[in-house]
Amino acid sequence: MPRFCQTLNLKDDAHLIAEYKKYHQNVWPDIRDFIRSAGILSMEIYCYQTRLVMVMETDGDFSFERMDELSKNNSKVQEWEDLMSNFQEPLAGVAQGTKWVLMERIY
């Protein structure tokens, strides 16, 4: 099963980081359903200070392009993404509008 690792930063604000973590302790059911429908079998997000790392295991049919297309047509996913944008800060040097950045596996 394919595995992907992505990274993103949170805004450097302890209150916002705590709130972000709280949202992820009780992810909306519509978001959990979307994750599964996109072909993601498991997803974990780790946090160190302001750095987030997401690990996803997917089925063989998963693609980021398909997931992006599905998310554009899902109002709950868009609402969640808009809400999460209040906490997130793009990595330096990435294209405008880019959130999660795919990491290169080196070992």
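Two strands are taken to pair if DSSP finds at least two bridges between them. Helices (H or I, at least four residues) and strands (E, at least two) are DSSP runs, numbered from the N terminus. By these criteria, eight bridges join strand β2 (residues 40–48) to β3, and the two run antiparallel. The structure is a predicted model, in which local features need pLDDT of at least 70, side-chain atom pairs count only at pLDDT 80 or more, and totals for chains, interfaces and linings use all residues. Residues are numbered from 1 along each chain as its sequence is written, and side-chain values use heavy atoms, with hydrogens and water left out.

The protein contains four helices and five strands. Their order along the sequence is β-α-α-β-β-α-α-β-β. The radius of gyration is 14 Å, close to the 13 Å that the globule rule gives for 107 residues, so the protein is as compact as a globular protein of that length. This radius is taken over C-alpha atoms, and the globule rule is 2.2 Å times the number of residues to the power 0.38. The C-alpha trace spans about 40 × 35 × 25 Å along its principal axes.

Of the 107 residues, 29% are buried. Buried means under 20% relative accessible area, exposed over 50%, and partly exposed in between (1.4 Å probe, protein chains only). The protein exposes about 7400 Å², and carbon and sulfur atoms supply 50% of that area. Accessible areas come from the Shrake-Rupley method with a 1.4 Å probe; for residues, only the protein chains shown count as cover. Contact means heavy atoms within 4.5 Å. Among contacts with a separation of 6 or more, 73% link residues 24 or more positions apart.

Charge was also examined. Lys and Arg count as positive and Asp and Glu as negative, while His and the chain ends are not counted. Each charge is placed at NZ of Lys, CZ of Arg, CG of Asp or CD of Glu. The protein has 12 positive and 17 negative charges, and their mean positions are 3 Å apart.

Seven bridges join β1 to β3 (residues 51–58), in an antiparallel arrangement. Here Phe4 has Met56 of β3 as its bridge partner. Two bridges join β1 to β5 (residues 101–102), again antiparallel. Thr7 is partnered by Val101 in β5. Two bridges also join β1 to β4 (residues 88–89), and these strands run antiparallel. Asn9 has Glu89 of β4 as its partner.

Two residues of β3 were considered individually. Leu52 lies in strand β3. Leu52 is buried, with a relative accessible area of 1%. Leaving aside neighbours within four places in sequence, its contacts include Leu8, Leu10, Tyr20, Ile45 and Trp100. Thr58 is buried, at a relative accessible area of 0%. Beyond neighbours within four places in sequence, Thr58 is in contact with Met1, Pro2, Phe4, Gly39, Ile40 and Leu41.
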